[in-house]
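Open the model in your viewer and keep the selection panel at hand. This tour starts with one term, then moves from the whole chain to single residues.

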Amino acid sequence: MATTTSTKSEPFSAESYFATQPPPSTLDHDIQNVRSFISRQAELGRNVVLVTSGGTTVPLELNVVRFLDNFSAGTRGATSAEYFLQAGYAVVFMHRQFSLQPFSRHYSHSTNPFLDLLEIDDKSHNIGVSSSQSSHLLEVLKTYKAVHNEGRLHTLTFVTINDYLWLLRAVSQELSVLRRRAMYYLAAAVGDFFLPRQKMSQHKIQSGKGSLIIEMDQVPKILKPMVDEWSRDGYIVSFKLETDQDLLIPKARASLERYGHQVVIGNDLNTRKFEVVFVSRDEVGDRSSIKETWLRIDPKSTEAGKEIEEDIIRELVQRHRKWIEGGQTRN
């Protein structure tokens, strides 16, 4: 039997996690570029949003052959980033390597392959865009070029949950210089468990020896230090995905009460493209009360290209503006 086991231990706190798990080798380089990007946006007076997107992996070996994956295509994150850019924000897009990205998401290999848009002129042998697709591609391309010419989009990639946690802390700390003008839109599908480096096998776990038993540790809850230490006065939005509708509101409310951030966006796995619920503290009157605001679109409208992320971002931009104007600070 191939076995990876460990003795019982206390759950990792954020502090103990970063003290014992090594940073990605590219962290310093990545953050230097983020710092330069944020500095330029600050000079121009832009609001900046960090959008996290895609799933995380948990390697089972130091020389990685096998891993567990918390899969996400990154649709919500990539789509939301486009609408933030449309609203005038600068975006730090932190995404799982090879997951969907703003603009190129419209031509993913599975839903709308880019090569299918192209035609070959039999006489000249030149390549052109199909007339039925050219107008849409032109609009996407124009927006993409404008965003990059204005320098409003910066991308970062992660693969493992360790990459994600180190990047999230470092980027949040850099963004904290913007205070209330920074938003954190945490749409990545982050795994709940990980295998600490100290417990990993050095080489490939051998097969053919029966069952494989692996005891994993819980990923530290990072929203609390993010609220209290890393990004003070930033506007923090987290997501709660459930498959049981009866659990959605209670768990979203519990998250908001536990961590003290601004919004939890709850969504059911089966209806997430058509409805979400904003769970937030009441901004008027009794600030200890929590309210729920549902956003819904007609499922049939998606056939005409309607995306619920458009409404989500519109609502968040309005709320963020009030947050900035109100000058609220956390204790």
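Buried means under 20% relative accessible area, exposed means over 50%, and partly exposed lies in between, with a 1.4 Å probe and protein chains only. The model is predicted: local features need pLDDT of at least 70, side-chain atom pairs count only at pLDDT 80 or more, and totals for chains, interfaces and linings use all residues. Numbering runs from 1 along each chain as its sequence is written, and side-chain values use heavy atoms, with hydrogens and water left out.

**Whole chain**

Select everything and colour by secondary structure. The chain has 8 helices and 16 strands; these are DSSP runs, numbered from the N terminus, with helices (H or I) of at least four residues and strands (E) of at least two. The radius of gyration is 22 Å, close to the 20 Å that the globule rule gives for 331 residues, so the chain is as compact as a globular protein of that length. That radius is taken over C-alpha atoms, and the rule is 2.2 Å times the number of residues to the power 0.38. Along the principal axes, the C-alpha atoms fill a box of roughly 70 × 60 × 45 Å.

Switch to a surface. Its accessible area is about 17,500 Å², and carbon and sulfur atoms hold 49% of that. The areas come from the Shrake-Rupley method with a 1.4 Å probe. Of the 331 residues, 44% are buried.

Now show contacts (heavy atoms within 4.5 Å). Among those with a separation of 6 or more, 73% join residues 24 or more positions apart.

Select 161–175. This is α5, with 15 residues and a reach of 21 Å from first C-alpha to last, close to the 21 Å expected at 1.5 Å a residue. The expected span is 1.5 Å times one less than the number of residues. Is α5 largely enclosed or open? Of its 15 residues, 13 are buried, so α5 is largely enclosed by the rest of the structure.

Next, select 75–86. Helix α3 has 12 residues and reaches 17 Å, close to the expected 16 Å. Here 10 of the 12 residues are buried, so α3 is also largely enclosed by the rest of the structure. The buried set includes Arg 76, Glu 82, Tyr 83 and Phe 84. Step just past α3 to Gly 88, where phi is positive, at about 95 degrees.

**The loop between β5 and β6**

Select Phe 98, in the loop between β5 (90–96) and β6 (118–120). Phe 98 is exposed, at 78% relative accessibility. Its phi is near 75 degrees, a positive value in a residue other than glycine. Most residues other than glycine have a negative phi.

Stay in this loop and pick Ser 108. Which residues does Ser 108 touch? Leaving out residues up to four places away in sequence, Ser 108 touches Leu 100 and Pro 113. Ser 108 is buried, at 10% relative accessibility.

Move on to His 125, in the loop between β6 and β7 (127–129). His 125 has a positive phi as well, near 60 degrees. His 125 is exposed, at 62% relative accessibility.

Finish at Glu 150, in the loop between α4 (131–149) and β8 (153–158). Glu 150 is partly exposed, with a relative accessible area of 40%.
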